[in-house]
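Thanks, everyone. Let's look at the packing, then the charges.

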Amino acid sequence: MDLLKTFSTALAAEGKSKNTIKNYAVAVQQFLKANKNNLGAITQESVDSFFAGFNARKQTQNFKKNAINKFLAFLYARGLKKTFIKAKMKTITVSEPEFLTSSEQTKFFEILQSTHKFYRDYVLFSVMIYTGMRVSEALNIKLSDVRVDHLVIRDSKTGPGKVYMRSRLVPILDKYLDSIKTKRSRNDFVFQSNQKHRLTERMVQLLLKKYMRMAGIQKDLSPHSLRHTFAARLRQSGSDINIIQRSLRHKHIQSTVRYSHISDDELKNAVEKSMSVPGVKKIGRPQK
């Protein structure tokens, strides 16, 4: 039996996205290799040892824990392991997400609009910031996915869906699509390289770093930080946490709570506006 293939099929039956299945499979391959591809060698101790020796970013570590626990449950449910084993590693608290402030966002777009040779990237980053799409979702947009007021998502970490476009974004995207209609390749992707291939996530990461540097923004942000920026703008505008959850297409509200933090400036402004304070009066000396 091809264990990984069967596991992947089971994940697909649960509705997991192709990207999640692929990443889970990679984590399981690492885990099996650590156990010399011997199911009999998998014990509670071997699971604990695997995570104790694993050093990675917090988000990756949490994801890997979920993948291995899913695989262990899969083995137990099919009788391939007689005892139920689960990773005991405590879930690591992920730090608050990094995002562009309003002033940084303005500087960022000023650079993107400074020359026509940045036009494609200006539209791409506009789509990402104004819709909150993941970079993989934005790069997978095809012409057939563009509708009057929304974009269709065919495959995603959270499954198929759609994102609404704010009115400001619609003409930006329409004008761009009109400008490239005679330059597209057969693959029909909206955002393509000069070689007519779909842009890669690595290319977008490098482009983002370049424009951040040009804008003088001293932050080590990733393309996913633009999704955080979208969420931050929603929260700062007073949007309810449930609205943010639906806009980001999170399955669980716990994933959205990360965006409910309040910055120091917002806290100071709120305190300042909360109530009036009487003027300071001259206080006389106490009587003897």
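Start at Phe191. Which residues is Phe191 in contact with, leaving aside its neighbours within four places in sequence? They are Arg120, Val123, Leu124, Val127, Ala138, Ile141, Tyr176, His197, Arg198 and Leu199. Contact here means heavy atoms within 4.5 Å.

A word on the source. This is a predicted model, where local features need pLDDT of at least 70, side-chain atom pairs count only at pLDDT 80 or more, and totals for chains, interfaces and linings use all residues. Residues are numbered from 1 along each chain as its sequence is written, and side-chain values use heavy atoms, with hydrogens and water left out.

Now the core around that residue. The largest nonpolar core has 44 residues. By nonpolar core I mean a set of buried Ala, Val, Leu, Ile, Met, Phe, Trp, Tyr and Cys residues joined through side-chain atoms within 4.5 Å. Buried is under 20% relative accessible area, exposed is over 50%, and partly exposed is in between, with a 1.4 Å probe and protein chains only. Phe108, Phe125, Leu151, Leu173, Tyr176 and Phe191 have the most contacts inside this core.

Which elements give two or more residues to this core? They are α5 (102-112), α6 (119-131), α7 (135-139), β1 (150-153), α8 (169-180) and α9 (201-214). Helices (H or I, at least four residues) and strands (E, at least two) are DSSP runs, numbered from the N terminus. Helix α6 gives the most, with nine residues.

On to the charges. The structure holds eight salt bridges. That term means a side-chain nitrogen of Lys or Arg within 4 Å of a carboxyl oxygen of Asp or Glu.

Take Glu137 first. Its side chain meets that of Arg134 in a salt bridge, at 2.7 Å, N to O. Arg134 counts as buried, at 9% relative accessibility. Glu137 is buried too, at 3%.

Glu137 also pairs with Arg249, at 2.4 Å, N to O. This pair links distant parts of the chain, 112 residues apart. Arg249 sits in the loop between α11 (241-248) and α12 (253-256), and Glu137 in helix α7. Arg249 is buried, with a relative accessible area of 12%. Shared partners join Arg134, Glu137 and Arg249 into one salt-bridge network.

One last pair. Lys181 and Asp178 form a salt bridge through their side chains, at 3.1 Å, N to O. Is Asp178 buried or partly exposed? Partly exposed, at 47% relative accessibility.
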